[in-house]
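This briefing is meant for a reader who is meeting the structure for the first time. Please keep the sequence and the model in view while reading.

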Amino acid sequence: MTAQNKLPPAVVDEAAAWTNALDNGEMSEDQRVDFHAWLDDPRHARALGEMRTLVSLIQELPERKAATLRRMPLAHARFPLLGRLMDRPLQLTAITGAALAILIVAAWLNVRAVREYFTQSYSTETGEARTIVLKDGSVVHLNTKSRVRWTGTGKDRRVALELGEALFAVSHDATQPFRVMVGNSEIRDLATEFDVYRKSNGSVVVTVLSGQVAIKDLGGSPPAWAERQLKPNEQIEYSPASLIADVHTVDAPKSVHWREGLLETAGQSFAAVVSELNRYTNKQILIADPRVDAKQIKLGGALGIHDIPAALYLIQETAPIVVTDNGDSYVLSLKADASREQLTAPQQNAAGRP
Amino acid sequence: MDTGDMGGVGEGSVLGRRDELVEELCRAHEPQLLVYLTRMLGRVDVAREVIQDTYERIHKLYRPEDVMFPRAMLYKIATNFALMRLRRARLESKIITGSQGMEKVPDEAAPPDKRAMAEEINERLVQTIKELRPNLRTVLVMAHVQGIARKDIAEQLGISLKRVDKRMTKALRTLRERMESFGIDLLRVD
């Protein structure tokens, strides 16, 4: 009973498209109605089941095999327009191709994907988060206002964190350690998931989720501090001159909640929460009243970081704080003298989940 | 059989280990499964019920040593329960004709060469993915091996979301055709 009662190609295509829609992006109510109507045909349901299994098999490939796929070169958008033409079975001669390429490069250098391909440098704007794949197949999640640059040669894997914060999921390759350069320090590992945050004041926080990393000061000789090894759920903070907090235990998944668009507030001072929130917005949040600091307000739970007004509204609701929108900044004051207009509820869900 | 350690271990601890594996499997995939089923069914509460049905089925029938692709099995069972619900909701009066053959959960001893077959399926799959056109392969690997969101794929490759979808559809279709040509029946993989 090898299901060789052939499915028409169109049905296979539709099944692939619906599988896609189920895996990513939203499905509108209208689309879902279409989808359910489509499923009425038992052959369609069968085709969908096949596609689901196919996708599962890919996602479930043993690490050894997945690694060989990850290491294959990306079909980068060297020339997006050209790539688009190549998508169709259209024959371009080498010469027209090359001529076209030069023109397109010139015109498209403004495009982020093309620029990044040439500079091997990837960045985010304030409030933005994105995920990129490096040449060696390692995955980097970039937090707000951050920049990494691939500086590896063919023989070694090296990335510079020039600004902000990045979470690295390193592709396994026992022969080539993966190095992150942060100013005058080096973080080295084999196959690991770890977060590096270069604070605006110059200090660096490294948090390990899995695997193991070694951190070394390359500044002076002798270095300011000896090499440190970090295991999962360990964190270290250092500045170019000294250790600020030596290796200590943390809840690592919580400290990288930014990947899900959330900021963990439990156990942090109010001022620290505000300064963290300020990383995600150009319109700065100011604590005008020194009494706010003195009050030692503690928050709990997580705040959404991609919708700052919603996060501030939530703070206003849960803490004795009033938020005033001044146009170019938000000002926080104590609720006691709340005569001014308060921030009104944003339309979106206050938890700020995207 | 491959459970050569059976003799030395008490029945209880073997069961315990199995339950542990079931728990682990369900817990590891639950958030994604819930999103998937909610998209499919349009309602979170129904999606939760389907997950419950799925877990019960797995608790009853899952034999770790027989299942080479636990994730595929989990999604297959969940998809089937979801389809059953949809069918029930849409065709209340009509008689449901013939199972789609999608509900086969191993109910008898697996053939001894199961492991070898799984290895072959994986090998064929990787080989086929490698042979895809680079455009198609890149999108597929980024999405399903590296787990990158589709907006980030579009951005890094400098292509539109629509194009990402198109390439993905093409890649999946090609893979399915190739797997079929190898005589691999995706409905019977577990």
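The points below are grouped by topic, beginning with the contact between the chains. The model is a predicted one, and the values given here were computed from it.

**The contact between chain A and chain B**

- Chain A contributes 56 residues to the contact, while chain B contributes 52 residues.
- On the side of chain A that touches chain B, the elements giving two or more residues are α1 (9–23), α2 (29–39), α3, α4 (63–70), α5 (80–87), α7 (112–119) and β2 (130–133) of chain A.
- Of these elements, α3(A) gives the most to that side, with 14 residues.
- Sorted by class, the side of chain A that touches chain B holds 30 nonpolar, 14 polar and 12 charged residues.

**A helix pair across the two chains**

- Two packed helices are described by the distance between their axes and by the angle between those axes.
- For helix α3 (residues 42–59) of chain A and helix α7 (residues 161–181) of chain B, the axes come within 11 Å and cross at roughly 95°, which means that α3(A) is roughly perpendicular to α7(B).
- From α3(A), the residues that make this contact are A:Glu50, A:Met51 and A:Leu54, and from α7(B) they are B:Leu172, B:Leu175, B:Arg176 and B:Met179.
- The residues of the contact of α3(A) with α7(B) comprise 5 nonpolar and 2 charged ones, with no polar residue.

**The largest nonpolar core**

- The largest nonpolar core has 114 residues, and those with the most contacts inside it are A:Leu54, A:Val196, A:Leu277, A:Ala311, B:Ala78, B:Val139 and B:Leu140.
- Helix α3 (residues 70–90) of chain B gives the most to this core, with 9 residues.
- When residues up to four places away in sequence are not counted, B:Val139 touches B:Ile153, B:Val164, B:Arg167, B:Met168 and B:Ala171.

**Strand β12 of chain A and its partners**

- Strand β12 (residues 234–238) of chain A is mostly covered, with 4 of its 5 residues buried.
- Strand β9 (residues 204–210) of chain A pairs with β12(A) in the antiparallel sense over 5 bridges, and A:Val206 stands opposite A:Ile236 in β12(A).
- Strand β13 (residues 243–249) of chain A also runs antiparallel to β12(A), to which it is joined by 4 bridges, and here A:Glu237 stands opposite A:Ala245 in β13(A).

Definitions and conventions: Residues are numbered from 1 along each chain as its sequence is written. Chains are lettered from A and ligands numbered from 1 in the order in which they are written. This is a predicted model: local features need pLDDT of at least 70, side-chain atom pairs count only at pLDDT 80 or more; totals for chains, interfaces and linings use all residues. Axes are lines fitted to C-alpha atoms, for helices over the stretch in contact, and angles run from 0 to 180 degrees between N-to-C directions. Angles under 35 degrees count as roughly parallel, over 145 as roughly antiparallel, 65 to 115 as roughly perpendicular and the rest as oblique. Two residues are in contact if their C-beta atoms, placed from the backbone, lie within 7 Å. Ala, Val, Leu, Ile, Met, Phe, Trp, Tyr, Cys and Pro count as nonpolar, Asp, Glu, Lys and Arg as charged, and the others, Gly among them, as polar. A residue is buried if 20 or more other C-beta atoms lie within 10 Å of its own, exposed if 12 or fewer, and partly exposed in between; C-beta atoms are placed from the backbone. Two strands pair if DSSP finds at least two bridges between them. A nonpolar core is a set of buried Ala, Val, Leu, Ile, Met, Phe, Trp, Tyr and Cys residues joined through C-beta atoms within 7 Å.
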